[in-house]
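Here are my notes on this model, as numbered points. Please read them with the structure open.

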Amino acid sequence: MAKNNKLKPARINIKNKRAEHDYFVIDRLTAGIVLTGTEIKSIRLGKAGLVDTFCFINNGEMWVKNMYVAEYSFGSYNRHELRRDRKLLLNKKEIRHWASETKSPGLTIVPLRLYIDENGRAKLDIGLCRGKKEYDKRATIKEKESRREIERVTKAHKY
């Protein structure tokens, strides 16, 4: 008898690498996204990007703007736009809180990570962020390089 082996889907984890470089993350939140059928299929294939994306609040709803989702190759006539505004699913309380936070100067809402949860739904980690100055960016790069160097040296001494 043959065993019933289920194939595990690949873990989709699309990060916004520029956000970590350009911003200090003050607070984080996970939100669902309203998507069409071909959009979720493209995301499950890993064909999405968070470069130059940001979130905004309009009429008590939070939206993500400029998120790239590639065209689904097996889609027929019902295709989606590559970069359109997509609604985020959050509680009104959370939206009101973040709306009041972003009124202070220098704070913005930035998508940090797009992933598929264990139930097969697309989720977006968003962060309340403050922009870094040029000297902050240099300090972050220096810190990463020193961590990498220490890791490399300790790994070399193990063998």
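1. **Overall fold.** What pattern does the chain follow, read along the sequence? The order is β-α-β-α-β-β-β-β-α-β-β-α. That comes from 4 helices and 8 strands. Helices (H or I, at least four residues) and strands (E, at least two) are DSSP runs, numbered from the N terminus.

2. **Ground rules.** This is a predicted model: local features need pLDDT of at least 70, side-chain atom pairs count only at pLDDT 80 or more, and totals for chains, interfaces and linings use all residues. Residues are numbered from 1 along each chain as its sequence is written, and side-chain values use heavy atoms, with hydrogens and water left out.

3. The chain has 159 residues, and 33% of them are buried. Buried means under 20% relative accessible area, exposed over 50%, and partly exposed in between (1.4 Å probe, protein chains only). Of the contacts with a separation of 6 or more, 68% link residues 24 or more positions apart. Contact means heavy atoms within 4.5 Å.

4. **Helix H2.** H2 spans residues 37–44. Its buried residues are Thr-38, Glu-39, Ile-40, Ser-42 and Ile-43. What covers them includes strands S3 (48–49), S5 (61–69), S6 (83–89), S7 and S8 (122–131). Just after H2, Gly-46 takes a positive phi of about 85 degrees.

5. **Ser-42.** Leaving aside neighbours within four places in sequence, Ser-42 contacts Lys-47, Val-69, Ala-70, Glu-71, Tyr-72 and His-80.

6. **Cysteines.** How many disulfides does the structure hold? The count is 0. A disulfide here is a pair of cysteine sulfur atoms within 2.5 Å. Cys-55 is in no disulfide; its nearest cysteine sulfur belongs to Cys-129, 9.5 Å away. Cys-55 is buried at 6% relative accessibility. Cys-129 is buried at 0%.

7. **Around Cys-55.** Cys-55 sits in strand S4 (residues 54–58). Setting aside neighbours within four places in sequence, Cys-55 contacts Met-62, Trp-63, Val-64, Leu-88, Ile-109, Pro-111 and Ile-126. Cys-55 and Ile-109 are 54 residues apart in sequence, yet their C-alpha atoms are 5.3 Å apart.

8. **Asn-16.** Asn-16 lies in the loop between strand S1 (13–15) and H1. With a relative accessible area of 9%, Asn-16 is buried. Beyond neighbours within four places in sequence, Asn-16 contacts Leu-50, Thr-53, Val-110, Pro-111 and Leu-112. The C-alpha atoms of Asn-16 and Leu-112 are 5.1 Å apart, although 96 residues separate them along the chain.

9. **Second largest pocket.** Which residues line the second largest pocket? They are Lys-15, Asn-16, Lys-17, Ala-19, Glu-20, Val-25, Arg-28, Leu-112, Arg-113 and Asp-125. Helix H1 (17–22), strand S2 (23–33) and strand S7 (107–116) each give two or more residues to the lining. H1 supplies the largest share, 3 residues. By class, the lining has 3 nonpolar, 1 polar and 6 charged residues. Ala, Val, Leu, Ile, Met, Phe, Trp, Tyr, Cys and Pro count as nonpolar, Asp, Glu, Lys and Arg as charged, and the others, Gly among them, as polar.

10. **Pocket terms.** The volume of the second largest pocket is about 200 Å³. On a 1 Å grid over the protein atoms alone, a pocket is an open set of points where a 1.4 Å probe fits, with protein on both sides within 12 Å along at least five of seven lines; lining residues have an atom within 4 Å of a point. Grid points are joined across faces, edges and corners, and a volume is the space filled by probe spheres set on the points.

11. Asp-52 is in the loop between S3 and S4 and is exposed at 60% relative accessible area. Asn-66 is in strand S5 and is partly exposed at 25%.
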